[in-house]
Structures are given as C-alpha cells and as structure tokens.
Amino acid sequence: MKQLISHSSEETERIAEQFAKKLRPGDVVAYEGGLGAGKTAFTRGLAQGLGIREEVSSPTFALVNEYRGEHTLYHFDMYRVETYDDLYSTGFFDYLDGEGILAIEWSENIYGALPEGTITVSIRTIGENDREITIEGDDRF
C-alpha cells in the first residue's frame, strides 16, 4: 500500500502520471472516492503517463471513453450502473479480455464484478484542494 498527499489537481495528475508508468496491459484500476474527489484528474495523469495526448473527460454519459497511446486506456464511469444487466450492457466484460488498461470511476457500484488483482486507488478529500491518495492491491506500487 502506498499513501500520497496531493495539494492540487495538477499534483494529482503528476502522481497518476508516475503511477501509469508501472501499469501493464490487462491492469484494472478501480477508483474509490466521492464526487469531486479527483478521479478524472487522476485519469488525465494516467493518460499522460501512457503517452496519450488527447483530452480526457469523464465518461458520465458515454459510460466508457477510449484513449490510444502506448497502451489503450478505457475510462469507465459506473455511477449510473445499478444492476448486472446495466453492467453487461456497457460491454465491461469484453474489455477485461483485451490488452488495454481499465480505469473505473465509481467502482464500488460493480465491486463484485471486479477481477482478482484489481488495483484500488482511493482518493479522499482532506482539505479544499488537498487529497489523500491510497494505492493498494499490487506490489508494484
């Protein structure tokens, strides 16, 4: 387990950029954290670390955004997923068999469907701009 403190959105992105350099195809990163905690900022940093240069935004309505770089990053938002049928309709299970890296916002909504070896990134607000970032689930971090 690794704990870090970020004092800004930009610092959260830099932390995630370094984290991304240790990821491998097939990794699943599950975010935990409330609304506005910094999950999308963390994903922007992941994308930068994976050599992705396009703009990263929350896939709230699309459910999944795909970004191509050194590795493909699939960015899921499971906020509106309430049932197994909802999850199935996102195509989530097909993505698990691919060679991309999955980043999942609101992962607590699909906790039972996350594969073994999922890396958890918890982002907790501890001040107006301050966040405690905890990474666990893999010895690489």
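**Reading the fold**

Mentor: Let's begin with contacts, meaning heavy atoms within 4.5 Å. Among the contacts in the chain with a separation of 6 or more, 58% are between residues 24 or more positions apart. Before we go on, this is a predicted model, where local features need pLDDT of at least 70 and side-chain atom pairs count only at pLDDT 80 or more, while totals for chains, interfaces and linings use all residues. Residues are numbered from 1 along each chain as its sequence is written, and side-chain values use heavy atoms, with hydrogens and water left out.

Trainee: How many helices and strands does the chain have?

Mentor: Helices (H or I, at least four residues) and strands (E, at least two) are DSSP runs, numbered from the N terminus. Here the chain has four helices and seven strands. Going along the sequence, their order is β-α-β-α-β-β-α-α-β-β-β.

Trainee: What does the radius of gyration say about the chain?

Mentor: That radius is taken over C-alpha atoms, and the globule rule is 2.2 Å times the number of residues to the power 0.38. For 141 residues, a compact globule would come out near 14 Å, and the chain has 14 Å, so the two agree. The C-alpha trace spans about 40 × 30 × 30 Å along its principal axes.

Trainee: And what share of the residues is buried?

Mentor: Buried means under 20% relative accessible area, exposed means over 50%, and partly exposed is in between (1.4 Å probe, protein chains only). In this chain, 49% of the 141 residues are buried.

Trainee: Which residues have the most contacts inside the largest nonpolar core?

Mentor: First the general idea: in soluble globular proteins, nonpolar side chains tend to be buried together. A nonpolar core is a set of buried Ala, Val, Leu, Ile, Met, Phe, Trp, Tyr and Cys residues joined through side-chain atoms within 4.5 Å. The largest one here has 24 residues, and Phe 19, Leu 23, Phe 42, Leu 46, Leu 73 and Val 121 have the most contacts inside it. At least two residues each come from helix 1 (9-20), strand 2 (28-32), helix 2 (39-49), strand 5 (101-105), strand 6 (119-125) and strand 7 (131-136). Helix 1 gives the largest share, four residues. There's also a second, separate core of 15 residues, with Tyr 74, Phe 92, Trp 106 and Ala 113 among them.

Trainee: Which residues does Leu 23 touch?

Mentor: Setting aside residues up to four places away in sequence, Leu 23 touches Val 29, Leu 46, Ile 101, Ile 119, Arg 140 and Phe 141.

Trainee: Let me try Ile 15. Is it buried or exposed?

Mentor: Ile 15 is in helix 1, and it counts as buried because its relative accessible area is 15%. Beyond its neighbours within four places, Ile 15 is in contact with Leu 4, Ile 5, Ser 6, Phe 42 and Ile 133. Take Phe 42: it is 27 residues from Ile 15 in sequence, yet the two are 7.8 Å apart in space, C-alpha to C-alpha.

Trainee: How many residues of helix 2 are buried?

Mentor: Nine of its eleven residues, so that helix is mostly covered. Among the buried ones are Phe 42, Gly 45 and Leu 46. The buried residues of helix 2 pack against helix 1, strand 2, strand 4 (73-77), strand 5, strand 6 and strand 7. After helix 2 comes Gly 51, with a positive phi near 80 degrees.

Trainee: What is phi like in Trp 106?

Mentor: Here's the background: most residues other than glycine have a negative phi. Trp 106 has a positive value, near 55 degrees. Trp 106 sits in the loop between strand 5 and strand 6, and its 13% relative accessibility is why it counts as buried.

Trainee: Where is Asn 109, and which residues does it touch?

Mentor: Asn 109 is also in the loop between strand 5 and strand 6. At 35% relative accessibility, Asn 109 is partly exposed. Not counting residues up to four places away, Asn 109 touches Met 78, Tyr 79 and Val 81. Tyr 79 is 30 residues from Asn 109 in sequence, and their C-alpha atoms are 7.0 Å apart.
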